[in-house]
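Dear colleague,

I am handing over the structure below, together with notes on its strand pairing and on the surroundings of its ligand. Please read the notes with the model open beside you.

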Amino acid sequence: MSVAVERVLLSDPLMGDRARLITVGGMASLAEIESEVRTYRTQLVAAALAVGALVALALALATVRLTRPIHDLTQVADRIAAGERNLSSASVDRHDEFGMLARSIMRMLDALRDSAKNEEQAALGRMATMIAHDVRNALSSVKMNVKILHTHHSRDQGDLAEGCEIALEQIGYMENILTDMLDFARPRGLVMDWVDLDEVIRIATLSMLPEIGERSVVLCQSHERLPKVFGDRTRLIQVFQNLMANAIQSMSNGGHLTLDAKSTLHQSRPAVEVLIADNGSGIPEELLSKAFDPFFTTRTKGTGLGLTIVRRIVIDHGGAIRLEQNPEGGTIARVMLPLSPPEWEGGDVLGHVRGSPSGP
Ligand SMILES: Nc1ncnc2c1ncn2[C@@H]1O[C@H](COP(=O)(O)OP(=O)(O)OP(=O)(O)O)[C@@H](O)[C@H]1O
Ligand SMILES: [Mg+2]
């Protein structure tokens, strides 16, 4: 039987309850209509499957894109937690949130590395302090006994007296090393007061006279009267003693040690500039700044801590220090000290013992 069919209303399970109109058009047998409907259904199912497959593929791709960096970052975090510190993450080059997260983790890792290094250094410092302290105590007892021995035998002029003198000299050398080590590992606070810099330089020079004489060094000293500076007298004497010692030690065959000082400005603040010049062996240009590094030394009996400690003291006073090549051969140490450290005006920011300045 043939019927005239314009359109067939189809209830499609894939469309839910919604009815759907399909156009068949013209005269058609029922069998044709059924076939048309089957074809339509098949196409519909195929299309649905294709869409489903595409969605599944897109989801799979998106999942891989999301899970790979998460997996990478989780692994990095687990390895950091396990104590590893030399790590890198493939996600740091990404320009999305994972990249941001990876970069944050890497920064955290850097901070962890730094703090581990600081802890290690602090532990080494504590160990050095403990050893230096205990050895120095033991040494002072040895020194006392050798001194007693020397007093009893100084008139003998024999081997024992000479042995005592050598022992005392060596003890003095060891004491210097231990004092440097303690100063470096456990810097003492500054005891600040108004200090007469002329007197500081004079005391430092007087203490160096034996070495100056020993090496036939000529001392040239001519400078204007200096204003007082707010600083730690003992530590400032130590600064000039160290710088003069370096200068004298560089002139094994004699030479000129020149001290010069004047009032000046440092970073627009009233300051004093002191020059300690020698015409000794000199320092090669590339080593001028390295000379301040801890343990850098070219002397067989040096600890290489002298300039490190000097620079720390000068900086704690708000000043600056520089080594230069002397145009006449040798070295110039240029020390700049503000009359009062800028930090001091804001209070006790350096945490040092504060004096009670009565004014310069
Ligand atoms: N005036 C100078 N002339 C030549 N070399 C110098 C001078 N001052 C410093 N140096 C160089 O810088 C190095 C470091 O000096 P620093 O005072 O820190 O240590 P040191 O003198 O070797 O030992 P110490 O700890 O006993 O002072 C010296 O070993 C030397 O090579
Ligand atoms: Mg030195």
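Two strands are taken as paired if DSSP finds at least two bridges between them, and helices (H or I, at least four residues) and strands (E, at least two) are DSSP runs numbered from the N terminus. This is a predicted model, in which local features need pLDDT of at least 70 and side-chain atom pairs count only at pLDDT 80 or more, whereas totals for chains, interfaces and linings use all residues. Residues are numbered from 1 along each chain as its sequence is written, chains are lettered from A and ligands numbered from 1 in the order in which they are written, and side-chain values use heavy atoms, with hydrogens and water left out.

Strands β10 (residues 320–325) and β11 (residues 331–338) pair in the antiparallel sense over 6 bridges, and leucine 323 has alanine 333 in β11 as its bridge partner. The two strands form a hairpin with 5 residues between them, and glycine 329 in that turn has a positive phi of about 95°.

Strand β8 (residues 255–266) runs parallel to β6 (residues 217–221), to which 5 bridges join it, with leucine 219 opposite leucine 257 in β8. β8 is also joined by 10 bridges to the antiparallel strand β9 (residues 269–278). β8 and β9 form a hairpin with 2 residues between them, where glutamine 267 in the turn has a positive phi of about 50°.

Turning to the ligand, 20 residues surround ligand 1, each with a heavy atom within 4 Å of it, and the closest are Asn246, Thr297, Thr298, Thr303 and Leu307. Helices α5 (233–249) and α6 (306–316) each supply at least two residues of this shell. Among the polar contacts (pairs of N or O atoms within 3.5 Å), a polar side-chain atom of threonine 298 lies 2.3 Å from an oxygen atom of ligand 1, while aspartate 278 places such an atom 2.9 Å from a ligand nitrogen atom. Taken alone, ligand 1 exposes 600 Å², of which the protein buries 91%, the areas coming from the Shrake-Rupley method with a 1.4 Å probe.

Methods
A polar contact is a pair of N or O atoms within 3.5 Å; within protein, one must be able to donate a hydrogen and the other to accept it, and residues adjacent in sequence count only if both atoms are side-chain atoms.
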